[in-house]
Amino acid sequence: YGRVNYVLARRLELLREVGRLQESLDVPGDVSYTCETAGHFYLYQVISRWEQYMSKVKPKQGKKVEVEAVAAHFPFHKYFSNAPQPVFKGRSYEEDMDIAEGCYRHIKKIFTQLELTLIYLAGLRITASQHLSLLPRPHPCCSEICSPIKRGCCMWRKEFRAFELLRSGLDRSKYLLVKEAKIIAMTCTHAALKRHDLVELGFKYDNILMEEAAQILEIETFIPLLLQNPEDGYSRLKRWIMIGDHHQLPPVIKNMAFQKYSNMEQSLFTRFVRLGVPTVDLDAQGRARASLCNLYNWRYKHLGNLPHVQELPEFQVPNPGLTFDFQLINVEDFNGVGESEPNPYFYQNLAEAEYSVALFMYMRLLGYPSERISILTTYNGQKHLIRDVINQRCAGNPYFGQPHKVTTVDRFQGQQNDYIILSLVRTKAVGHLRDVRRLVVAMSRARLGLYIFARVSLFENCFELTPAFKQLTARPLQLHIRPHEYYSQEKPRDEKPDQIIKDMPEMTNFVYNMYMHMMQTSQKYRQQQQQKLAPPPEETHKDAAVDPARGSSEEPQPETPMEQENPGEASSEPNTENAKEKEGGQDAVDHAKMPEHPGRDSDSDEEEDQEQ
C-alpha cells in the first residue's frame, strides 16, 4: 500500500489548498472535507467566477478592454496573496491575460489532481449502474459545456464516489489490480491459489513475462496463462516471454521416481530448448569480474562481458586484505575428522565451517560490510553448523555481526552478492555437486570475490567439474591474505609480501590475535580521550612522593602481532601471544567480549538436536 498511502497524503495537501481557496472567496461551509465536496465547490463557485471574469475582460467586437480591467476584475487576488507581488504588471493587456490564465490553470490543476487521486484510490469494483443508484444525477451544465475538466468531474461523481464512503484496503487493492495496475508481479503458486478470485474480478492481461522459467515445473507454467476468461472463445493473451537458464538448477522434485524416471524435473523452458525452439541467448554479463565469469562461461555458447565490467573501478581494484579475487582453499581433516553425518544425508564439516566463519570475521575486521558477504554451502547440515558457529562467535559482537545470508547454493539461485564464501563439505565422495548445473549456480553468485573451501584432492579428479577446477587449482591452494590493507583504503596495492595461512587453526589464531589487538588499541584511544577531557588533579606532596615509585613499576606494553614488521609472525606463536594478551586483559573489560577461541571447541549435541 505504499503508493496508496502516498496518494492519500497528497489528497490531504490538495484539500488544504481547497480550504484556503474557499476562505479567499468567502464561501461558507466546509467544502474541503472530501473530494466530493471539493468537486461541487469547483463546479458551482470557482468555474462560475472564472466565467464571469472572462465575460468582463474578454474583448468584444469593436470594443477594447483597458489593461487595468484585467487586474481589477480578477476574482482570486486573495488566494494568490502569497505569490510575488504585484501579480499583474499592468504593462499590456496580453501579458496580464497570460498571467490571469496561468493563475487559473494553477487552481484547475488542484482539482484535476484531486480528481485523479480519487480515481486512483477508488475503493470498490462496482458497476456503473450501482454507482448511479448511489449518486445524485450529473449537473446539467456538463451537457452544455464541453470543458474536459467539467466532463471529468461528472465522470468522477458517477464512478468514484464509493471511495469517500468505503475505504477497505482489500477493495482498494482489487480495484488497483483490475483497473489501474500496468505491471502485476506474482509467483506461479500464488496464481494457482488465487486463480478463482482473479477470474471473478474480471482480471485481463495481454502479455506474460515469466522469469526463472527454467526452475518452474512444467504443469505450473500453464497456470498463469489461464487467469482470465476467454473472449468470444479465444484468449486475449498476445505475448508470452520466458526468461531462464537451463544450465542452472531445475525445479525441486523430492520424489526420486518422479524426478528421474518420469523426468518431472524438466521444465517447459528446457523442453522447448531441447526441441530446438528458436531462442535469444545472453552473450554478455554485467554481474561479476571477468576473471570470475571465466569460471562458468565455458558452459555457455558465447558469454562475454559488458563494457562496464572492464571500466568500473570496483571491478578493477583488488579485494583489500585478500591477494586473489577468487581462490580454492584446501581444508584437511581437523582432529582426524573430515565430513560427518549425524543423520542420514545431513552432511557437516566442522573444519570448513570454522574456516569459513574465520574468513568472514577477518573480512569484517578489515571493514567489509556484513551485508555484502554471504556464506553458501551445498548441504543443509553444513548450513545449520555454520549458523551455529556464527551465533557462537559473531552474533552478539558488534565488530562482526552476521553475514547477509547463510544458506545453500540451491536456495541462493537467482540471487547475488559482492563476496561469496563457499563450503563444499564433502571429503569422501563428490556428492550432488557432480551435477554441473549446481556448479554453475555456485560459481556465478559472486560479483567481486569468491572463496571456496573444499578437499581439493577429491574435487579436482571429478571429470564433470574439470573446466572450473582447472582454473581454481592454477592458483595457490592455501589462503593468501594481506592484513595491512583495509576495505576503505584507496591507495594502490603495495609490494609487501602476502601472509600465507596454512590451515584452519592458524587462521582462527590469527583472527583472534587481530581482534585482541584492535580491542587494546581502541581501549588506549578511549583512555587518552578521557584523560584529555578530565580536569587536572590537584597534586600534593604525598602524591608527588608516590608518583616516581608508581612510574618505575610500569613496564612497556608488549608488541602485538599487528605491530610486528613481519605479518607472518602473528600466527606463528599463538600461545605466547595469548599469554601476553591476558596480562592486559583488564583493559578491554568494557568492550565486546571475544568468544571462546575459534577452532578449539565444537557445538554440543543438544544444539545439533535442536537444529535438526
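**Entry 1: rings**

I began with the aromatic rings and found Trp50, Tyr53, Phe74, Phe76, Tyr79, Phe80, Phe88 and Tyr104 linked into a cluster by ring pairs. I counted rings of Phe, Tyr and Trp (its six-membered ring) as a pair if their centres lie within 6.5 Å; planes under 30 degrees apart are stacked, over 60 edge-to-face, and the rest tilted. The model is predicted, so local features need pLDDT of at least 70 and side-chain atom pairs pLDDT 80 or more, while totals for chains, interfaces and linings use all residues. Residues are numbered from 1 along each chain as its sequence is written, and side-chain values use heavy atoms, with hydrogens and water left out.

I then searched the whole structure and got 18 aromatic pairs. One of them joins Tyr368 and Tyr419, edge-to-face, at 5.0 Å centre to centre and 90° between the planes. Tyr368 lies in the loop between α18 (350–365) and β8 (373–377), and Tyr419 lies in strand β10 (residues 417–423), so the pair ties together parts 51 residues apart in sequence. Helices (H or I, at least four residues) and strands (E, at least two) are DSSP runs, numbered from the N terminus.

Buried means under 20% relative accessible area, exposed over 50%, and partly exposed in between (1.4 Å probe, protein chains only).

Next I looked at Tyr399 and Tyr515. Their ring centres are 5.8 Å apart and their planes stand at 85°, so this pair is edge-to-face. Tyr399 sits in the loop between α19 (380–393) and β9 (405–408), and Tyr515 in helix α23 (residues 504–533), so parts 116 residues apart in sequence are tied together. Tyr399 is partly exposed at 26%, whereas Tyr515 is buried at 1%.

**Entry 2: charges over rings**

Which ring does Arg475 sit over? The charged end of Arg475 is over Phe326, 3.7 Å from the ring centre. Arg426 lies over the face of Tyr347, 3.9 Å from the ring centre. For this, NZ of Lys or CZ of Arg must be within 6 Å of the ring centre and within 35 degrees of the ring normal.

**Entry 3: cores**

I looked up the largest nonpolar core. It has 44 residues, and Tyr355, Leu359, Tyr362, Met363 and Met507 touch the most other members. Such a core is a set of buried Ala, Val, Leu, Ile, Met, Phe, Trp, Tyr and Cys residues joined through side-chain atoms within 4.5 Å. At least two residues each come from α18, β8, α19, β10, β11 (446–454), β12 (479–481) and α23. The largest share, 11 residues, comes from α18.

I checked Tyr355, leaving aside neighbours within four places in sequence. Its contacts include Ile329, Val331, Phe453 and Met507. Contact means heavy atoms within 4.5 Å. A second, separate core has 36 residues, among them Leu295, Phe326, Phe412 and Leu450.

**Entry 4: Leu306**

I found Leu306 in the loop between β4 (304–305) and α16 (307–311). Leu306 is partly exposed, at 33%. Beyond its neighbours within four places in sequence, Leu306 contacts Ala284, Gln285 and Gly286. Leu306 and Asp283 are 23 residues apart in sequence and 9.0 Å apart in space, C-alpha to C-alpha.

**Entry 5: the whole protein**

I noted 26 helices and 13 strands. Of the 612 residues, 44% count as buried. Among contacts with a separation of 6 or more, 75% join residues 24 or more positions apart.
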